[in-house]
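Here's a quick briefing to read alongside the model. Keep the 3D view open as you go.

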Amino acid sequence: MSWLFWYCIISHCIFTLILYKLTENVNNPAVKLRKDTNRDCLERKDHSIPQNRLNTLVQESSLWCDGVERSERLCKFRNLYYSPWLREFIFFHGESSVVQGVPDKRCSPALLDLSSINDHNLQYFNFQDAPVSALKYFSEIVHIDHPSLLFHRFNPENIMHVIHDDLLPLFYTLRQYFQDFKQQNKPFNMEVQIIFMEGREEGPYFELYKLFSNRKPILLTYLLSKSNKSLVCFRDVMVGISKSTTWYDYGFHIPQGPIPNHRPDGSIIQQFTEYVTNKLGTTSKSKDSNYVILFSRESNRLILNELQLTFSIATTFNLRVVRLSLETNRLGEIIKQIQGSVGIIGMHGSILVLSMFLSPGGFVIELFPYAINPQNYTPYKTLAEIMDITYTSWQNNIKNNTVVYPNRTKSEGGIMYLDSEMQTTILNTNEVPRHLCCNNPYWLFRIYQDTIVDIPTFMEVMKNALNGSKQAQKRDYVKKYPGKITNVLCKSLESETGVGIFVSWNISWNMQFYDQSKVSSEVWIQDVLDENYMAYSLQGITQHTFDEKIKYDTSYSVWVRGVINGNTGPFSHVCTCST
């Protein structure tokens, strides 16, 4: 048997023993209720509830899960309990409990992923089972009554992880499951209580998380502050978060790269950026877009000739260069500057995720230190492909233009902890080999080196980026399809040159509302006795005579379908005519 099986068995035994101990230690079995009645003060302590009223106030648990696989599953709970002492969720079964969509092997390895990172064993969610009668052994219950969303942040210290792993999935999940139809000017219910269960502190970007609810997010530390004999009851909570908006695999199981067979819809990212800028009040109104942003770093992965690079860009392309960094500029200020710029330039790093705030037609130039192959590290290239962004990369190929730091700590790329043979191998390696996340010494050594940017080769890269951005066209993220073509008629026509088929039709009702230069009709003609067919694309007309390869004494089937910007609609009903 697997270790997971024994883990589940042992966990249930421990849980049963703890309930037994609670039975011995609890002197007053009456349950006190606390309710979430204030946005900042999350609970209010009420008087003890008489035992004879307990059954009418405390309810058993229920859940409904969607998703066949663990990686795609989200579950909605009624009365999901959390024990600060056990540090476990508890599902109290009663006669009215509902359990839907739960797999038979719930512990193999877990019910669902609590974060948007797929199959990471620190992000698993499960719960303990207990009869509803066991509630009487807890002396206090804190109720969180508002609709809630509970998940794990992955790395709240890093802006790439904050946006890609947390905020975009949060935005999507709120829009999908927490619509507020009473407030049609809001994308979702702003009274949802968000709960972070990963156990991290607020982090430097906590203000961003607060943009998505009028209620301050609850951290795990708040739940753990409750007494050992208490429970926290989430009356109406969605557990888990959507992975639909993620585009990058960080390489925990295979070397990093775009998520296979998955590409998020660019429109949801566009809606996310509009929401964030509106909430931050940073929508750029500046008409001056004759500048480019150079992202600077303060402590590592430095551009050692930053001033020379800035001067060369300004004089060569007649562009102002605005220097920004996460260390010295407020995030809202950075976003506002990005919106008004023609493009951004920066060393490979988390700040480049903010390229999603570029206006359509903007560009990104990503710089890579020596021995770091741009083709192997593509989170921002993939983002650019999703959005209307021109992307190009520059790599330092001159070994003498790099400064390395072998004496730094292991986490900062130092290699002195390795044996001399391994140190020599790393120093002599011209390209970091493909690797898993996250502590590969080749990768850490090279990614934290400083770089002198070779100006001539960079100028060529920037010239191509500017040319590409001028040619870029705004993409229609959501495909529009025509309806069914109607009133298709066909008849045989004879002329001095031979026989033909006259076909007429009405375009679908919705085709009139789109750019007519991108609207057309396809006419398909087939001999009823032959599998071959002839297809014609026609624009701006709803009737035409076809005489190519039309034969006497032959019956033909005719179909017509509409096309909007390359997206084909359904075929019309067949029309048959004979020559």
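N158 caps the N-terminal end of α3, with a side-chain oxygen 2.9 Å from the backbone nitrogen of M160. Keep in mind that this is a predicted model, where local features need pLDDT of at least 70, side-chain atom pairs count only at pLDDT 80 or more, and totals for chains, interfaces and linings use all residues. Residues are numbered from 1 along each chain as its sequence is written, and side-chain values use heavy atoms, leaving out hydrogens and water.

**Helix α3**
- Helix α3 covers residues 159-177 and spans 25 Å from first C-alpha to last, close to the 27 Å expected (1.5 Å times one less than its number of residues).
- There's a kink of about 30° at L167, shortly before the proline P169 (the bend is the angle between axes fitted to the seven residues ending there and the seven starting there).
- Since 15 of its 19 residues are buried, α3 is largely enclosed by the rest of the structure (buried means under 20% relative accessible area, exposed over 50%, partly exposed in between, with a 1.4 Å probe and protein chains only).

**Salt bridges**
- The whole structure has 16 salt bridges (a side-chain nitrogen of Lys or Arg within 4 Å of a carboxyl oxygen of Asp or Glu).
- R70 pairs with D113, their closest N and O atoms 3.1 Å apart.
- That pair links distant parts of the chain, 43 residues apart.
- R70 is buried at 16% relative accessibility, and D113 is buried at 1%.
- R70, D113, D119 and K243 are linked in a salt-bridge network.

Key: Helix = DSSP H or I, 4+ residues; strand = E, 2+ residues; numbered from the N terminus. Polar contact = N/O pair within 3.5 Å; in protein donor to acceptor, adjacent residues only side chain to side chain.
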